[in-house]
Amino acid sequence: MDDEAPDLSRLQPVLPSPLQPAEDERFARHGVTLLLKRDDLIHPDLPGNKWRKLALNLRAAGGRTVLTFGGAYSNHLRATAAAGRLLGFPTVGVVRGDELAHRPLNPSLTRCAADGMRLHFVDRATYRAKTAPEVLEGLLSLFGECVVIPEGGSNALAVQGCTELGRELRGPAGTVAVACGTGGTLAGLATGLGPGQRALGVPVLRGGFLGAAVRDLQREAFGAPGGRWSLDERFHFGGYARTTPELHAFADDFEDRHGLPVERLYVAKLLYGLTVLAGEGAFAPGSTVTAVITGRP
């Protein structure tokens, strides 16, 4: 495989992604307009922030093997595997949980394997230390020369790629909200927005670590923190990949109201959080809030 950058344009991404109004009385009664930024429509195999975070990384990889990390249901692993199939480069997925190696693959990992990704299962202690030099050296000794992309795809190139999301939304909304896992999308979005706009992150994990992660990513990408942004950490519903009957009922209702398939682990938590915030009067009457729809069920 040579080091020529893959031509991502031949995948025909839908950019800029559509911006759609959502008539919803839970916002309208407070004088707030809700818009949906349909990043889930960018590409069928690399939807939403996965396209924005991977595009610059894949160009930089230049067709070499990409090694990356994720859990058993990782959207990032699935998108990376799909990109490898579509663009013709090898992929390796380091998966959290060595016990999974002896079980049938779940549908998400089955899709990764079908797209040609080599799956390597590691115990949870090793996974937590995945950025340690000795762990990375061990992986590279197993798989040879690889371009390493971090868990969730969040690095400086991913953040730079996500600034385009902010640029596409300059003007129409005072607040742009996004669900957050590793913080890369929020870091880029906030930097790309225009004067007077702010980004709101809704973390889907517990722990309170995301603010520092976003600032670190912005320093890595741009040399300094940038943009106006904040986090509301109340809507994780127990943590990553955790849901409740209340969240599912909300998502079902939102689907019925708006005809939008609602992904449960990120998007549902974002939309629920915005609905609560609207009811609390967090958004000024006459203002516009945009929810970034980062993925599909």
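Modeller: A crossing is called left-handed if the near helix is turned anticlockwise from the far one by less than a right angle, and right-handed if clockwise. Helices here (H or I, at least four residues) and strands (E, at least two) are DSSP runs, numbered from the N terminus. The crossing of α3 and α4 is left-handed. Please keep in mind that this is a predicted model, in which local features need pLDDT of at least 70 and side-chain atom pairs count only at pLDDT 80 or more, while totals for chains, interfaces and linings use all residues. Residues are numbered from 1 along each chain as its sequence is written, and side-chain values use heavy atoms, with hydrogens and water left out.

Colleague: At what angle do α3 and α4 pack, and how far apart are their axes?

Modeller: Two packed helices are described by the angle between their axes and the distance between the axes. The axes are lines fitted to C-alpha atoms, for helices over the stretch in contact, and angles run from 0 to 180 degrees between N-to-C directions. Helix α3 (residues 75–87) and helix α4 (residues 107–114) pack at about 20 degrees, with their axes 8 Å apart. That makes α3 roughly parallel to α4, a term for angles under 35 degrees, whereas those over 145 count as roughly antiparallel, 65 to 115 as roughly perpendicular and the rest as oblique.

Colleague: Which residues of α3 and α4 meet?

Modeller: Contact means heavy atoms within 4.5 Å. On the α3 side are Leu77, Arg78, Ala81 and Arg85, and they meet Ser108, Leu109, Arg111 and Cys112 in α4.

Colleague: Is arginine 52 buried or exposed?

Modeller: Buried means under 20% relative accessible area, exposed over 50%, and partly exposed in between (1.4 Å probe, protein chains only). Arginine 52, which is found in helix α2 (residues 49–61), is buried, with a relative accessible area of 4%. By contrast, proline 195, in the loop between α8 and β8 (198–203), is exposed at 87%.

Colleague: Which side chains make polar contacts with the side chain of arginine 52?

Modeller: A polar contact is a pair of N or O atoms within 3.5 Å; within protein, one must be able to donate a hydrogen and the other to accept it, and residues adjacent in sequence count only if both atoms are side-chain atoms. The side chain of arginine 52 makes such a contact with that of aspartate 39 at 2.6 Å, and another, of 3.0 Å, with that of glutamate 168. Glutamate 168 is itself among the buried residues of helix α7 (residues 156–168).
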